[in-house]
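Please keep the sequence and the structure in view while reading.

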Amino acid sequence: MKDDSYWMGIALREAVKAGDRGEVPIGAVVVKDGAVIGRGFNLRESRNDPSAHAEMVAIRKASRKMGSWRLSGTTLYVTLEPCIMCMGAILLARIDRVVFGCFDPKAGAAGSLYDLSNDRRLNHRFFLQSGVREAECAALLSGFFADLRMRKKTEAAIEASLRRDGREVEGA
């Protein structure tokens with residue numbers, strides 16, 4: 001049965017693709033009538049594009065496939081709570097439902113810092129569901145950042161060693 005967990009699994013696979021490329025592992029899929037119409041993963045680093053978030057990539061692909069900027073009747077699945085920019089795109093695209101894995105306490109705009117999903121001042125509102133496969137989504141991000149910190153620590157140790165060795169050679 002294709003439920004929220006199933007679709008989040010596809011978003012998680014997209015997130016793994018991002019991580020394999022050295023991008024922050026966040027993935028997203030847009031689903032309509034039981035089919036994926038757009039998918040994406042973070043490409044900010046490789047594209048040098050601050051707007052290349054997983055959600056934005058998936059929404060752009062879905063809009064091209066639908067031949068319309070209006071994505072009414074769709075659900076967006078994303079592994080991390082969307083930021084303000086992505087929530088803006090979700091609102092403008094008229095997406096009906098957003099399902100995300102884990103909260104983003106530093107930039108989340110779907111409950112953590114803000115909740116733009118149900119702001120009566122805006123001309124569109126949508127249903128929000130959090131915590132789907134939350135542990136897996138959070139573990140993927142935690143693992144990525146732990147590896148990144150370890151790599152930086154190792155690189156710093158190598159740099160320090162090279163500087164130290166260079167001074168010893170110069171003083172001999």
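## The sheet

Five strands make up an open sheet of mixed pairing, in the order β2-β1-β3-β4-β5. At its edges are β2 (35–41) and β5 (127–129), each of which pairs on one side only. From one strand to the next, the twist averages 15°. Strands here are DSSP runs of E with at least two residues, helices are runs of H or I with at least four residues, and both are numbered from the N terminus. Two strands count as paired if DSSP finds at least two bridges between them.

The model is predicted: local features need pLDDT of at least 70 and side-chain atom pairs count only at pLDDT 80 or more, while totals for chains, interfaces and linings use all residues. Residues are numbered from 1 along each chain as its sequence is written, and side-chain values use heavy atoms, with hydrogens and water left out.

## Strands β3 and β4

Strands of a sheet pair through backbone hydrogen bonds, either parallel or antiparallel. β3 (residues 74–80) pairs with β4 (residues 97–102) in the parallel sense over five bridges. In this pairing, valine 78 stands opposite phenylalanine 100 of β4, and leucine 80 stands opposite cysteine 102 of β4. β1 and β3 also pair over five bridges, in the antiparallel sense. There, valine 29 stands opposite tyrosine 77 of β3.

Seven of the seven residues of β3 are buried, so β3 is largely enclosed by the rest of the structure. Five of the six residues of β4 are buried, so β4 too is largely enclosed. Buried means under 20% relative accessible area, with exposed over 50% and partly exposed in between (1.4 Å probe, protein chains only).

Helix α1 (residues 4–20) lies across β1 (27–32), β2, β3, β4 and β5, and runs at about 140° to β1. Such angles run from 0 to 180 degrees between N-to-C directions, with axes fitted to C-alpha atoms, for helices over the stretch in contact. Leucine 12 belongs to α1. Leucine 12 counts as buried because its relative accessibility is 9%. Beyond its neighbours within four places in sequence, leucine 12 is in contact (heavy atoms within 4.5 Å) with Thr79, Arg133, Glu136, Cys137 and Leu140.

In helix α4 (residues 84–93), the residues Cys86, Met87, Ala89, Ile90, Leu91 and Ala93 are buried. Their cover includes α3 (54–66), β3 and β4. Arginine 94 follows α4 and has a positive phi, near 65°.

## The largest pocket

The largest pocket has a volume of about 540 Å³. Of its 22 lining residues, Val24, Ile26, Leu80, Asp104 and Phe145 are the closest to its centre. On a 1 Å grid over the protein atoms alone, a pocket is an open set of points where a 1.4 Å probe fits, with protein on both sides within 12 Å along at least five of seven lines; lining residues have an atom within 4 Å of a point. Points are joined across faces, edges and corners, and the volume is the space filled by probe spheres set on them.

Helix α5 (residues 134–171) gives the largest share of the lining, six residues. The lining divides into 13 nonpolar, three polar and six charged residues. Here Ala, Val, Leu, Ile, Met, Phe, Trp, Tyr, Cys and Pro count as nonpolar, Asp, Glu, Lys and Arg as charged, and the others, Gly among them, as polar.
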